[in-house]
Structure formats: C-alpha cells, structure tokens
Amino acid sequence: MNTRTVFKNLTGHTSCVNDIEYNPHTDNALISVSNDRTIRVWDSNYNHVRTHTGSSYQIRAIEILASGRFSTCSFDISAANGGVRTWD
C-alpha cells in the first residue's frame, strides 16, 4: 500500500479546487482556482495573500504566463463557459 503524508492544508476556497499552479518565477508561491469562482494567491509560507474575484463562472484551469513576482504576474483562466480571461 502506498501511503502519503499531507504536507500542508490550505483553507480558503468554499468549493472544489480545480487547479493549482506553482509560480516558477518566485519561491514556492502558488495560485489556486475553484468552483467558488475565485483565484487565490498564496505566499512561500502558504499563507493566503490575495483573492481575485469577478468571474461569473466556475474556474477550471490556470496557467502562469508572465515572469516576475507572484503579486504582479498574469495568468489565463479557462472558465466553464469556454472563455479565457487574462488577469494581472
């Protein structure tokens, strides 16, 4: 049997998390997207630092596009309606 240990529980989303991406341009910063229609940014200590709202649809996927710190990066969101939005 293969067992795994939970490294860290991140709380904040109020619905299913659909995708998580590490920002390759910063140390361990990550961005998560959810059916709760929010994008959450987490710092290198996995503390929640920012929430982006404004989507009318569940957010399905995320990809980091721009280089630089996580607080200023851009990312694409593939929404449930088939649309793609770029956020800064």
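The model is a predicted one, so to speak a calculated picture: local features need pLDDT of at least 70, side-chain atom pairs count only at pLDDT 80 or more, and totals for chains, interfaces and linings use all residues. Residues are numbered from 1 along each chain as its sequence is written, and side-chain values use heavy atoms, with hydrogens and water left out.

Going by secondary structure, there are zero helices and seven strands (DSSP runs numbered from the N terminus: H or I of at least four residues for helices, E of at least two for strands). Read along the sequence, that gives the pattern β-β-β-β-β-β-β. Of the 88 residues, 35% are buried, where buried means under 20% relative accessible area, exposed over 50%, and partly exposed in between (1.4 Å probe, protein chains only).

Strands of a sheet pair through backbone hydrogen bonds, either parallel or antiparallel. Here four strands line up as an open sheet in the order β1-β2-β3-β4, with antiparallel pairing (two strands pair if DSSP finds at least two bridges between them). β1 and β4 (48-52) are the edge strands, each pairing on one side only. Neighbouring strands are turned by 20° against each other on average, direction ignored; the axes behind that value are lines fitted to C-alpha atoms, for helices over the stretch in contact, with angles running from 0 to 180 degrees between N-to-C directions.

β2 is mostly covered, with five of its five residues buried. Leu30, Ser32 and Ser34 point one way from the strand, while Ile31 and Val33 point the other way. Five bridges join β2 to β1 (residues 17-22), and isoleucine 20 has serine 32 as its bridge partner in β2. Four bridges join β2 to β3, where serine 32 is partnered by arginine 40. Another four bridges link β3 to β4, with isoleucine 39 partnered by histidine 52 in β4.

β2 and β3 make a hairpin with four residues between them, and arginine 37 in the turn has a positive phi of about 70°. Asparagine 35 sits in this loop, between β2 (30-34) and β3 (39-42). With a relative accessible area of 18%, asparagine 35 counts as buried. Leaving out residues up to four places away in sequence, asparagine 35 touches Ser15, Cys16, Asn18, Gln58, Ile59 and Arg60. The side chains of asparagine 35 and asparagine 18 are joined by a polar contact of 2.5 Å (a pair of N or O atoms within 3.5 Å; within protein, one must be able to donate a hydrogen and the other to accept it, and residues adjacent in sequence count only if both atoms are side-chain atoms).

Finally, the rings. The count comes to one aromatic pair (ring centres of Phe, Tyr and Trp, its six-membered ring, within 6.5 Å; planes under 30 degrees apart are stacked, over 60 edge-to-face, the rest tilted). Phenylalanine 7 and tyrosine 46 form this edge-to-face pair, at 5.7 Å centre to centre and 85° between the planes. Phenylalanine 7 lies in the segment before β1 and tyrosine 46 in the loop between β3 and β4, so the pair ties together parts 39 residues apart in sequence. Phenylalanine 7 is exposed at 71% relative accessibility, whereas tyrosine 46 is buried at 14%.

Terms used: Contact means heavy atoms within 4.5 Å.
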